[in-house]
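This report goes through one structure part by part.

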Amino acid sequence: MSAAVSRPVTTVCLMGVGGQGILLAASVLSEAASADGLMVKASEIHGMAQRGGSVVSTVRFGERVHSPVSKRADYVLATELLEGHRGLRLLGDGGTLVCAVSTVIPPGSVLRREEQYPADLAAEAAARGVRIVAVDAEALAREAGTAKAVNVALLGAASAVLPFAASSWDAALERAVPAKIRAVNQRAFALGRGAVADEVTQAG
Amino acid sequence: MLSNRILSCSDELLQDSKRTNDRPDGKGAVNRAGMDTLFLMGNEAIGYGAVRAGAGFACAYPGTPSTEILETAATLEGIRAEWCVNEKVALETAVGACRAGVRSIVSMKHVGLNVAADPLLTLTETGVNAGLVIVSADDPSMASSQNEQDSRNYARFAKIPMLEPSDSQEAYDFVAEAFALSEEFDTPVLLRSSTKLSHGRGQVLQRERVEPPQVEYVKDITKHLMVPQWARLRTRFMLERLVRLRERAEESPLNVIEPGTVDFGIITSGVAYQYVKEAFPDVWVLKLGMSWPHPWRKIAEFSGQVSRLAVVEELDPIIEETVRMLGLPVIGKAAIPADGELDQDMVCEALAPYLDAPAPERRQPVFPPAQRLRPPAQAEDLPVRLPVLCPGCRHRSVFTALKRQKLAAHGDIGCYMLGADPPLDALDSSLCMGASIGMMAGFNEALGRKASAAVIGDSTFFHSGITGLISAAYNEAEGLVLILDNRTTAMTGHQGNPGSGVRPDMTEGPSIDIQALCDGVNVRCTTIDAKDYGAIVEAIKTEVATPGLGVIVAEAPCALLVREKSGTVLVDDERCNLCGLCLAIGCPSIVPEEDTVRITDSCTGCGLCVEVCKRGALTLEPTPVTGGVR
């Protein structure tokens with residue numbers, strides 16, 4: 001908990017497609033930061049959020065946080081590949097993108113062939129000096145029991161790079177996830193965390 | 001330096017009556033065009049003025065002191081006049097009529113403008129088509145009202161122009177000015193009256209009828225359908241329009257400087273102008289006939305003409321605040337009462353002590369700098385992802401069926417606005433909660449046929465669609481109202497409403513039956529299952545062919561609440577020729593491939609795509625009931 005002292009404000013943007021559970025993921029992340037003893041502010045988009053449009057939630061934490069929003073992010077967690085591309089634009093050199101790269105939901109304009117789904121996330125990230133944590137969150141969610149848990153599987157992956165204690169994440173899942181769907185989400189979280197922790201260990 | 005006043009109405013009137021006085025029938029003088037000079041109440045003058053201005057549609061809810069405006073219009077040729085159930089519906093109905101291409105005027109008392117504020121504050125973004133004039137009659141001193149309100153606040157709030165006549169002749173003349181302004185600037189225009197104008201009488205010299213320009217209705221959702229992406233652009237239009245309107249106010253012949261012979265100036269508007277002229281015939285006067293937005297340079301110029309400046313206005317210190325904002329010393333509500341009606345004695349008494357008081361030190365006006373607008377959003381190099389109707393939303397059937405008819409479709413607030421997006425493209429407009437039915441009524445009445453339909457959700461219908469329906473029924477409007485009943489307030493997160501009967505604590509109260517409600521107000525109503533596409537197509541076809549007003553209630557629960565996968569759609573790649581019929585329903589679960597379509601996991605098996613496919617390339621395989629997680 002003492003880790004909170006003198007840490008600057010960190011901005012995490014959670015990005016995805018309406019209906020993917022961005023609000024729930026943001027809520028778990030906020031609870032985790034709070035359990036870690038940090039001040040947290042969050043900004044969400046409601047109303048249209050379940051209707052398949054682009055959705056962004058911002059969570060900011062640190063010793064002292066004033067504004068709930070920021071145009072720049074330190075971390076972007078994207079539950080869909082195109083939204084990951086969108087998220088890159090919020091990240092600067094040294095930023096981290098945790099992206100569900102296997103989840104591709106083409107928007108209407110792409111389906112109608114008016115626009116192109118972007119290619120090559122890795123190259124663009126490299127050009128921007130952004131570190132990518134690529135996760136097959138959909139497979140992990142399925143393994144946990146429901147494809148709908150992409151959001152929490154991705155959050156599990158992000159937990160391996162975000163600076164909170166494991167116990168804070170556990171407490172956050174307990175607080176923010178409704179009892180009815182908690183077990184499956186705890187499994188998805190663990191699988192996501194394991195996948196990235198392995199990767200980080202191998203790389204190290 | 002000084003503006004020449006346009007030939008004063010009263011001067012012209014005097015000349016005319018000298019020339020042709022005393023007709024044997026005692027009906028008063030006849031002017032050069034052979035038209036009667038009438039002795040009219042301000043409200044009657046507005047009614048006559050509307051017809052003279054070429055208005056073809058008038059509506060209102062009665063309220064003292066505004067009532068006689070519509071009553072007068074109803075007695076005149078060439079204009080359809082009707083009462084609506086309230087001021088909100090009246091404004092929405094007038095919006096529909098002006099969209100259809102007919103100059104329209106809607107009148108109400110000041111408190112009625114509160115009721116109409118919801119459509120007004122978005123109408124200022126969409127603008128009009130043919131001109132639209134809103135008359136609000138204030139009642140200072142509350143001769144017949146529960147409160148005092150200064151309607152000028154709404155002009156400022158809505159960022160629209162206001163004209164303020166000061167006598168019956170101006171009431172008559174300003175209506176045509178208001179319509180011209182409305183069309184030139186694509187804005188609703190407020191015309192403010194007050195009790196003494198509305199219920200005072202004076203001679204009115206009739207003028208040549210104005211032939212309004214022919215205006216066609218053109219579908220343009222970027223202008224008429226105020227979802228966030230378009231409303232953001234229209235907000236910018238509205239703010240830029242306000243700047244142009246201020247420039248117009250600087251030059252408008254309605255804003256007149258009348259020179260005086262004593263070193264004292266008064267800025268005034270509306271009926272207060274008459275009290276000023278009677279109390280102080282020798283002072284300089286700046287009369288603001290166009291009283292919003294204020295002409296800053298003209299006010300500063302006027303201030304420079306005199307050593308001492310006062311503002312005389314009934315109710316709120318609206319002009320006074322502008323003068324003070326310009327940094328100019330002024331006598332305002334410190335002398336003139338802020339409540340109740342004024343009269344010449346009150347004005348005389350209030351300002352007399354200041355006439356010989358030492359002049360304040362002269363100051364240079366300080367003009368506000370131009371407002372900064374947000375820079376236009378840069379188009380992103382990534383595909384946009386707009387909200388869409390959910391996979392499995394059975395109300396998609398209604399939009400698909402509606403598109404087969406050649407009808408304009410007035411939409412409403414909530415999920416069903418998403419029917420406007422490509423490829424559905426099924427809606428023309430959306431203004432505010434409950435506006436669709438009133439707009440449909442006005443649109444169809446203006447064109448004299450069933451030219452448009454209204455599309456509204458169940459919760460929005462309960463919010464304020466019911467009043468629109470009753471108004472349309474009362475006025476025998478042609479129309480087709482589609483109520484898409486998903487038994488919840490879906491867009492905000494599935495709250496209860498009187499249809500579902502669900503309360504915030506999730507207990508169930510009584511449920512209101514929309515079919516029974518329509519039966520109760522004697523409106524033809526058919527309730528159908530939104531899952532039955534064939535029945536929807538038939539019902540809409542039948543309604544369009546049947547004269548009068550009809551309602552179709554399409555029932556299907558919100559797909560997000562049901563969340564069931566009732567089947568799997570299989571694609572026969574041999575039969576599919578990628579004709580696009582299934583893609584046109586706008587379902588995000590259907591993805592075009594090279595020469596066939598693919599159905600994604602998000603498909604709920606609703607089967608609409610199977611029904612629209614003409615080649616039998618799609619089949620629905622029902623899911624056996626398992627009760628498992630999908």
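## Strand β16 of chain B

Two strands are said to pair if DSSP finds at least two bridges between them. Helices (H or I, at least four residues) and strands (E, at least two) are DSSP runs, numbered from the N terminus. The model is predicted: local features need pLDDT of at least 70, side-chain atom pairs count only at pLDDT 80 or more, and totals for chains, interfaces and linings use all residues. Residues are numbered from 1 along each chain as its sequence is written, while chains are lettered from A and ligands numbered from 1 in the order in which they are written.

Strand β16(B) is joined to strand β18 (residues 549-555) of chain B by 7 bridges, and the two run parallel. Within β18(B), B:E555 is the bridge partner of B:D485. Strand β15 (residues 452-457) of chain B also runs parallel to β16(B), with 5 bridges between them. Here B:V455 stands opposite B:L482. From β15(B) the chain passes through helix α18 (residues 458-474) of chain B to reach β16(B), in a right-handed β-α-β crossover; right-handed means that, with the strands pointing away from the viewer, the path from the first strand over the helix to the second runs clockwise.

A residue is buried if 20 or more other C-beta atoms lie within 10 Å of its own, exposed if 12 or fewer, and partly exposed in between, with C-beta atoms placed from the backbone. In β16(B) (residues 479-485), 7 of the 7 residues are buried, so the strand is largely enclosed by the rest of the structure. Both of its faces are covered: B:G479, B:V481, B:I483 and B:D485 are buried on one side, and B:L480, B:L482 and B:L484 on the other.

## Nonpolar cores

A nonpolar core is a set of buried Ala, Val, Leu, Ile, Met, Phe, Trp, Tyr and Cys residues joined through C-beta atoms within 7 Å. The largest has 186 residues, and B:A58, B:A90, B:V175 and B:L482 have the most contacts inside it. Helix α8 (residues 168-185) of chain B gives the most to this core, with 8 residues. A second, separate core has 67 residues, including A:L14, A:A33, A:V150 and A:L173.

Two residues are in contact if their C-beta atoms, placed from the backbone, lie within 7 Å. Neighbours within four places in sequence aside, B:A90 is in contact with B:C59, B:A60, B:Y61, B:C84, B:V106, B:M108 and B:A116.

Helix α6 (residues 117-126) of chain B has 7 of its 10 residues buried, so it is largely enclosed by the rest of the structure. Its buried residues are B:P119, B:L120, B:T122, B:L123, B:T124, B:E125 and B:T126. Among the elements that cover them are α4 (87-99), α11 (228-251) and α17 (435-447) of chain B. After α6(B) comes B:G127, whose phi is positive, near 75°.

In α2(A), 8 of the 8 residues are buried, so this helix is also largely enclosed by the rest of the structure. The buried residues of α2(A) pack against β1 (10-17), β3 (54-62), β4 (73-78), β5 (91-100) and α4 (121-128) of chain A.

## Contact between the chains

Between the chains, 24 residues of chain A are in contact with 20 residues of chain B. On the chain A side, the elements that give two or more residues are α2 (81-88) and α3 (108-111). Of these, α3(A) gives the most, with 4 residues. The chain A side divides into 10 nonpolar, 10 polar and 4 charged residues. Ala, Val, Leu, Ile, Met, Phe, Trp, Tyr, Cys and Pro count as nonpolar, Asp, Glu, Lys and Arg as charged, and the others, Gly among them, as polar.

A:Q50 lies in the loop between β2 (39-43) and β3 of chain A. It counts as buried because it has 22 C-beta neighbours inside 10 Å. Not counting residues up to four places away in sequence, A:Q50 touches A:G18, A:G19 and B:L560.

## Domains of chain B

The domain assignment (bounds come from an automatic or database domain assignment) gives chain B domain 1 (9-242), domain 2 (255-355), domain 3 (396-562) and domain 4 (567-622). The centres of domain 3 and domain 4 of chain B, taken over C-alpha atoms, are 27 Å apart. In chain B, 8 residues of domain 3 are in contact with 9 residues of domain 4. Helix α16 (residues 396-402) of chain B gives the most to the domain 3 side, with 3 residues.
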